[in-house]
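Here's a quick tour of the folds and one surface feature. Have a look at the model first.

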Amino acid sequence: MISIRNLTKSFGTNHVLRGIDLDIAEKEVVCVIGPSGSGKSTLLRCVNRLEEPTSGTITVDGIVVTDPKCDLDRVRTSMGMVFQQFNLFPHKSVLGNLTMAPMNVRKVPRGDAEAWGKAMLEQVGLSEKVNAMPSQLSGGQQQRVAIARALTMNPRVMLFDEATSALDPELVGEVLQVMRNLAGDGMTMMVVTHEMGFAREVADRVVFMDGGVIVEQGPAQQMIDNPQEERTQAFLSRSRTR
Amino acid sequence: MRLVRTGYGSNRMSYSALIVGNFTGNFMGNVVGGISDQFFDVKILRDMMPGLLTEAVKNTVIYTAVAFPMSMIFGLLLALGRLSKRRIFRWPASMFVDVIRGLPALLTILIIGLALPIAFEFRWSSVGGRFAEQYLPQCLSLSLVMAAYMAETIRAGIQAVPNGQIEAARSLGMSSRSTMRKVVLPQAFRIIIPPLTNELAALFKDTSLLAILGTFDGGRELLQYARGFANSRANSTPFVAAGLGYLAITLPLLRAVAALENRTRRGPKAANTAAPAAGAPA
């Protein structure tokens with residue numbers, strides 16, 4: 001589904017990604033973990049080219065995303081992205097957030113877009129908030145709306161960029177539950193996260209990154225419980241004691 | 001030319017001579033009475049009516065009401081030009097904004113109202129009759145001046161919209177154009193409502209600069225109208241009347257700016273108490 005080959009990314013002299021190779025199969029849930037500054041968010045953002053890769057190729061669903069002639073707007077509709085800071089449109093109601101892309105990109109008539117948006121909202125369990133403004137919602141609710149918004153374009157892949165890192169601890173659970181349901185429905189997911197418990201339970205595979213390279217990857221439970229590499233062990237023991 | 005017709009030069013001499021005379025005289029006699037005669041002469045005020053409202057205030061409002069939306073549209077185009085990735089848009093827009101902001105507004109008004117017709121041998125009246133002569137160069141020059149300032153305000157507003165908003169829209173597959181139209185601009189305009197209101201007040205006052213162009217009877221704005229009366233009556237009351245006319249509009253506007261700024265300052269805080277986690281740092 002996603003195929004990343006020899007991907008590098010530099011900000012000036014700062015080499016954030018130093019040659020990444022990664023394949024993600026259809027319906028697979030891959031969690032990317034690692035210390036801050038390891039390049040995991042940059043890797044995720046390269047997949048839908050919010051970040052411009054320095055070199056390498058990325059193929060999503062048979063389309064070479066890194067090709068300069070690639071129709072980015074079109075490819076992006078097949079990849080939903082969820083951000084750490086939610087990034088809901090504050091001037092639009094919850095429903096307005098959900099109808100924005102279908103109406104503007106796919107030219108869906110308002111009535112259909114609203115019905116579709118409400119269906120997505122139901123998926124994340126927030127039907128009663130359909131007319132609320134984003135500022136009236138808790139962080140967890142905002143993030144769930146953001147997930148619903150990403151789902152309105154019927155993506156084939158979902159990208160999560162530290163979706164729970166900005167949330168108060170007691171609000172993390174409801175967002176993870178939505179993500180868990182999504183994985184259960186067979187969505188292909190690439191999840192950058194600090195939630196080791198979630199990774200262990202939901203992911204098919206865990207990828208550990210440090211210093212711009214993939215240090216180790218493997219089945220989720222084995223990776224979390226019994227990592228082979230020293231750096232992975234050190235990172236995991238640090239995050240456990242936290 | 002027109003300037004002569006409004007009696008700019010000769011009357012002013014006699015006017016100042018009279019003022020000096022009057023002042024000296026008044027200081028010899030009753031100082032308080034002299035001041036009230038000089039600045040608050042009810043009879044002169046009465047003579048200024050109804051033209052003060054039907055001509056002076058009316059025209060000031062017309063100039064403002066036409067120039068404000070025009071400068072907003074033109075300012076938006078300039079702002080988008082300055083933010084464009086393409087040089088052919090960015091350079092002319094930056095050049096225009098910098099030059100206009102670097103020139104005294106009075107000079108720009110003179111160039112458009114007087115210098116252009118002389119240089120290209122046309123009369124503004126020939127563009128669209130008497131109406132055009134009365135309003136076109138005035139509104140055009142004011143709009144251009146205002147557009148340059150407006151462009152900077154709008155640009156600041158656009159840049160104040162968090163980058164995450166653009167990323168969210170683009171990640172949904174929205175084009176850069178519809179991201180600008182549906183996501184960035186609506187938020188940018190909300191942000192700049194207070195400074196925009198400020199600029200509306202500034203524009204209202206700057207209509208007084210149009211006095212330099214002179215105009216027909218019936219086309220005078222507040223300051224020019226007052227000046228005519230001040231000249232012919234050798235009295236300052238008309239200026240006081242004009243001042244009150246400006247304040248009647250600008251004071252409420254400036255209060256509105258303060259209120260709007262208060263509201264936007266409170267805004268994010270109110271949102272945070274409703275949603276404690278919304279603003280939680282990463």
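Is Leu244(B) buried or exposed? Leu244(B) is exposed, because its relative accessible area is 55% (buried is under 20%, exposed over 50%, partly exposed in between, with a 1.4 Å probe and protein chains only). Leu244(B) sits in helix α13 (residues 237-274) of chain B. Together with Leu247(B), Leu251(B) and Leu254(B), Leu244(B) makes a nonpolar surface patch of about 360 Å².

A word on the ground rules: this is a predicted model, where local features need pLDDT of at least 70, side-chain atom pairs count only at pLDDT 80 or more, and totals for chains, interfaces and linings use all residues. Residues are numbered from 1 along each chain as its sequence is written, chains are lettered from A and ligands numbered from 1 in the order written, and side-chain values use heavy atoms, with hydrogens and water left out.

Now for the sheets in chain A. Helices (H or I, at least four residues) and strands (E, at least two) are DSSP runs numbered from the N terminus, and two strands pair if DSSP finds at least two bridges between them.

| Strand order (chain A) | Strands | Pairing |
|---|---|---|
| β2-β1-β4-β5 | four | antiparallel |
| β6-β7-β8-β3-β9-β10 | six | mixed |

In the four-strand sheet, β1 (residues 2-11) and β2 of chain A pair over eight antiparallel bridges. One bridge partner pair is Phe11(A) with Asn14(A) in β2(A).

Over in the six-strand sheet, β6(A) and β7 (residues 157-161) of chain A run parallel, joined by four bridges. Val82(A) has Phe160(A) in β7(A) as its bridge partner.

Methods: Patch = residues over 30% accessible without salt bridge, like charges linked within 9 Å, V, L, I, M, F, W, Y side chains within 5 Å. Areas by Shrake-Rupley, 256 points an atom, 1.4 Å probe, with all protein chains shown as cover. Salt bridge = Lys/Arg side-chain N within 4 Å of Asp/Glu carboxyl O.
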